[in-house]
Amino acid sequence: MSSRDMNGAIPVLRGRVQAGAPLAPFTWFRVGGPAEWLVRPADEQDLVALLAGLPAGMPLTVLGAASNLIIRDGGLPGVVVRLGGAFGGVVVEADGLVAGAAALDVTVAQHAAAAGLAGLEFLSGIPGSIGGAVAMNAGAYGAEVKDVLDWAEVATAGGIRRLPAADFAFAYRHAALPPGGIVTRARFRAAPGDAAAIAARMAEIRAAREATQPVRARTGGSTFKNPPGHKAWELIDAAGCRGLRQGAAQVSEKHCNFLLNTGGATAAELESLGEAVRSRVLAHGGVQLDWEIKRLGLPA
């Protein structure tokens, strides 16, 4: 067998390679066009082989839980990597745990709670996966990944590198990864705690989310970053955008820093609605909102 598949662009892998794969079913918004190539590596070695064998200039996108993402209606060119079961393990240790990039944040919080480890409860309030949480320094309910990360392993074309937390130069919703690098595993610090207190804190976070956020809707989480000294939702509300619609896209009535696909929305409608909100907030309050949701791909 040659070292590349039929089209000559993708190295032959042990994992699954699919051309023209629909991506909308993977995203929380349920919108977006196809991947030119969807690749699901079998394991870390397979992922490194992919990175080492891709032609120079081939676009590469990593798709995690896709909970904070709009994929545009024309889809994603190049290779889209989705990490599966081999990257989903969680190993509990005495003073922390090691989680694969595909493990869901809430699953990691549950493992910590079951082991009586405190300090990771906030992860139960973040609707994503560990790889994405590290890559964007995810946070909620008073804590961020940077507060609890010991190290993360990152796949590059040269192999797997274990990097201490300091190497990621964490900032608000940002981490500096090696160029072309993909997070594969991470270790989080935690401390033995009172099991009842840990369970109570997680229940409190779950109740707060359900009371204030449209958690059962087709949404993408927080749409805009909180500007310094402001809360994005308050600015959006003050600018009269609560419930604003474009086509089947709507600003949530429950939490107006959330956009909703009310059924049949396109990515273009969601993005256009977001830009309309930004314009109104700027005109009303003089504050520029920055997108927290990533918008990737080509228009239709």
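A residue is called buried when its relative accessible area is under 20%, exposed when it is over 50%, and partly exposed in between, with a 1.4 Å probe and protein chains only. The model described here is predicted: local features need a pLDDT of at least 70, side-chain atom pairs count only at pLDDT 80 or more, and totals for chains, interfaces and linings use all residues. Residues are numbered from 1 along each chain as its sequence is written, and side-chain values use heavy atoms, with hydrogens and water left out.

The expected span of a helix is 1.5 Å times one less than its number of residues. For the 19 residues of α6 this gives 27 Å, and the end C-alpha atoms are 27 Å apart, which agrees. The buried residues of α6 are A267, L270, E271, L273, G274, V277, R278 and V281. Seen down the helix axis, these residues fall within an arc of 160°, so they line one face of α6; the arc is that of the directions from the helix axis to the C-beta atoms. An α-helix has 3.6 residues a turn, so residues three or four places apart point the same way. The exposed residues A283 and H284 are carried on the face of α6 turned away from its buried side. The cover over the buried residues includes β4 (69–71), α5, β15 (245–246), β16 (249–251), β17 (259–261) and β18. Just after α6, G286 takes a positive phi of about 70°.

R278, in helix α6, has a relative accessible area of 17% and is therefore buried. Leaving aside residues up to four places away in sequence, R278 touches F224, Q288, L289, D290 and W291, where contact means heavy atoms within 4.5 Å.

The structure holds two aromatic pairs. Rings of Phe, Tyr and Trp (its six-membered ring) pair if their centres lie within 6.5 Å; planes under 30 degrees apart count as stacked, over 60 as edge-to-face and the rest as tilted. The ring centres of F168 and F170 are 5.6 Å apart and the planes stand at 20°, so this pair is stacked. F168 is buried at 0% relative accessibility, and F170 is buried at 17%. In the other pair, F224 and W291 have ring centres 5.0 Å apart and planes at 55°, so the pair is tilted.

Another group of side chains involves R162. This residue lies over the face of W151, at 3.7 Å from the ring centre; a charge sits over a ring if NZ of Lys or CZ of Arg is within 6 Å of the ring centre and within 35 degrees of the ring normal. The side chains of R162 and E153 are also joined by a polar contact of 2.8 Å, a term for a pair of N or O atoms within 3.5 Å; within protein, one must be able to donate a hydrogen and the other to accept it, and residues adjacent in sequence count only if both atoms are side-chain atoms. E153 lies in strand β11 (residues 149–156) and is buried at 8% relative accessibility.

Definitions and conventions: Helices (H or I, at least four residues) and strands (E, at least two) are DSSP runs, numbered from the N terminus.
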